[in-house]
Amino acid sequence: MHPIIAIPAAVVEISVLCLGAFAVFRRWEYTFAESASYAIITTLMALSFMFQAAFIVGVPGLSIKAEVVLCLLSAIAVACLSPHIGMSGRIIRNFVSEYPGAIAAMLIAWGILAARAMFFPPAETHWDSVAQMSLFQQYGTFFFTLPEPTAGNPPLFPVNTVVLPYLLLRMHTSVGVGIFGFLAYLSIGFSTYALSRRYSWPPTAFTVTMIVMSMPRLVCLSASPGNEIVPAAVAVFCLLAINRTLEQPNIRDLTLLFLGILFSISGQVMCLVFPLILVSLSCVLLIRRHGKTIWWAIINARWWAALLTIPVALVFSQGWLFLYNAVYRETWMGSPPDFIRNPDGLTGAVGNFVRYILESAHFTHPLDVLCNWMLNFRLTGMLHRIYGMFADSFFGDLGTASPFVIQWVPDAALSWFGPFAFLLVLPALLYSLVRGHRRLKAIAIALTGYFYIVTLIAAWVPGNARFFTVFYACGGFFIGSLLPPWRFTNRGKHAIQLASAFLLFYTCAYNIFV
């Protein structure tokens, strides 16, 4: 099918599904930001489940019929719940009148990113549409006509989010698959605002959202097929679901939290680390706050909902795929050729911790050039000198697989998360570890644990920022707890919003014109 037909068809389908889900969540009295985040993630979950289920039973075309039914149900929901959508329109108008300049800047940038995502093939050099389509075809053989083991074939990796581009690949085009990265990018923004509002006033929460949505790596990934950014968006969604479940225990948020954790199992190496951390975090927070009895009572009272969840959970768990790998690929899960393990244990982990902290000081290339022009002094050179003086002499090459170098390149392969990740996100996490609310402290401990696991398992190589996308996406909302209104003046908010808008447009321009 020609992209001129395929792209509008995919956009219409996704829009109808998202709008229907949004209307339902608004009917259930979720806030605007919560409804938007939930609508996007549940739509992605629904598409993934339909695609995977169709592949598992060996009838890929079955997903089309399921999609038609779901779209009809969504259209009915939109028609029946239109007053709730109308009320949301008023919320948007009030929001725009409150922050006209910042909203205008974000909408222009979002328009650029949406166009880049929908009308061009993905920019990621490692993403091959032909290879992806061949991979998907293998999943249709799981229960029917199982293939014989083939020497040299690597194991298949979890595909909860990786399978989403099939929506367009089945129409023989890779143009437009970036829409999934863009949806995940929007979801991170909505989730961040909803989480920040729990710990700050609206102006601060909005500023925090701008900071997160201007992080260069997230901007770069917003036009990708979503292999990296979608699991990060699902992780932030899970943090939102944890908060909602803690505040008002109910089967709906509990079920979506459970499915969201399973859905975040996707990609390649280390894809199980953060889901396992989310499981531990959920159990600690939910049981410590409400005990065990209430959760069994909620499940027993809505046993039919728990029953409906089972087939979805079985698919999202990827157990079927791990079983296939164990039988036909001799290992339940392998490592990709570009992943190198840290061979130096705890000493290498400490060295990697220092390297990642220095890389996190990502003050961007324009500022580096400006300092060199005005002061004949490069920020990247300063960071390299700090590493050489205090780290290289102690650790040398321990924990690395290549010479340490800092590269401030705003692309999906090498980019980090901008100056605010270093200046605000990391201090906010440290502050929460020491003086934060118990819930914030528990989440901060979970994120710190993930950071440590990455330093321990993976050897340092350029491009390891991909392991920290989930860390900074989930940690962004902590800034709201660091900037209370008596510390954060209007002048400070406007300055940070302006800097975030500049960073957002700079990253957009680089990815389009360079």
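Colleague: What makes the pair Arg 378 and Asp 368 a salt bridge?

Modeller: In this predicted model, the closest N and O atoms of Arg 378 and Asp 368 are 3.2 Å apart. The cut-off is a side-chain nitrogen of Lys or Arg within 4 Å of a carboxyl oxygen of Asp or Glu, so the pair qualifies. Arg 378 lies in the loop between α18 (365-375) and α19, and Asp 368 lies in helix α18, 10 residues apart.

Colleague: Why is Asp 368 called buried?

Modeller: Its relative accessibility is 3%. Buried means under 20%, and therefore Asp 368 counts as buried.

Colleague: Why is Arg 378 called partly exposed?

Modeller: Arg 378 has a relative accessibility of 34%. Because this value falls between the limits of 20% and 50%, Arg 378 counts as partly exposed.

Colleague: How do you know that Glu 67 and Arg 170 form a salt bridge?

Modeller: Their closest N and O atoms are 2.7 Å apart, and the limit is 4 Å.

Colleague: Are Glu 67 and Arg 170 buried or exposed?

Modeller: Glu 67 has a relative accessibility of 2%, so it counts as buried. Arg 170, at 18%, is also under the 20% limit and is therefore buried.

Colleague: What makes Glu 247 and Arg 439 a salt bridge?

Modeller: Their side chains meet at 3.5 Å, N to O, which is within the 4 Å limit. The pair links distant parts of the chain, with Glu 247 in helix α11 and Arg 439 in helix α21 (residues 438-457), 192 residues apart. Glu 247 is partly exposed at 40%, whereas Arg 439 is buried at 11%.

Colleague: Which residues do salt bridges that share partners join into one network?

Modeller: The network consists of Glu 34, Arg 198, Arg 244, Glu 247, Asp 253 and Arg 439. The structure holds eight salt bridges.

Colleague: Why does Ser 415 count as buried?

Modeller: Its relative accessibility is 0%, and the limit is 20%, so Ser 415 counts as buried. Ser 415 is found in the loop between α19 (379-395) and α20 (419-435). Beyond its neighbours within four places in sequence, Ser 415 is in contact with residues including Pro 216, Cys 220 and His 362.

Colleague: Why is Cys 71 called buried?

Modeller: Cys 71 has a relative accessibility of 18%, which is under 20%, and therefore it counts as buried. This residue lies in helix α3 (residues 62-80).

Notes:
Residues are numbered from 1 along each chain as its sequence is written. This is a predicted model: local features need pLDDT of at least 70, side-chain atom pairs count only at pLDDT 80 or more; totals for chains, interfaces and linings use all residues. Side-chain values use heavy atoms; hydrogens and water are left out. Helices (H or I, at least four residues) and strands (E, at least two) are DSSP runs, numbered from the N terminus. Buried means under 20% relative accessible area, exposed over 50%, partly exposed in between (1.4 Å probe, protein chains only). Contact means heavy atoms within 4.5 Å.
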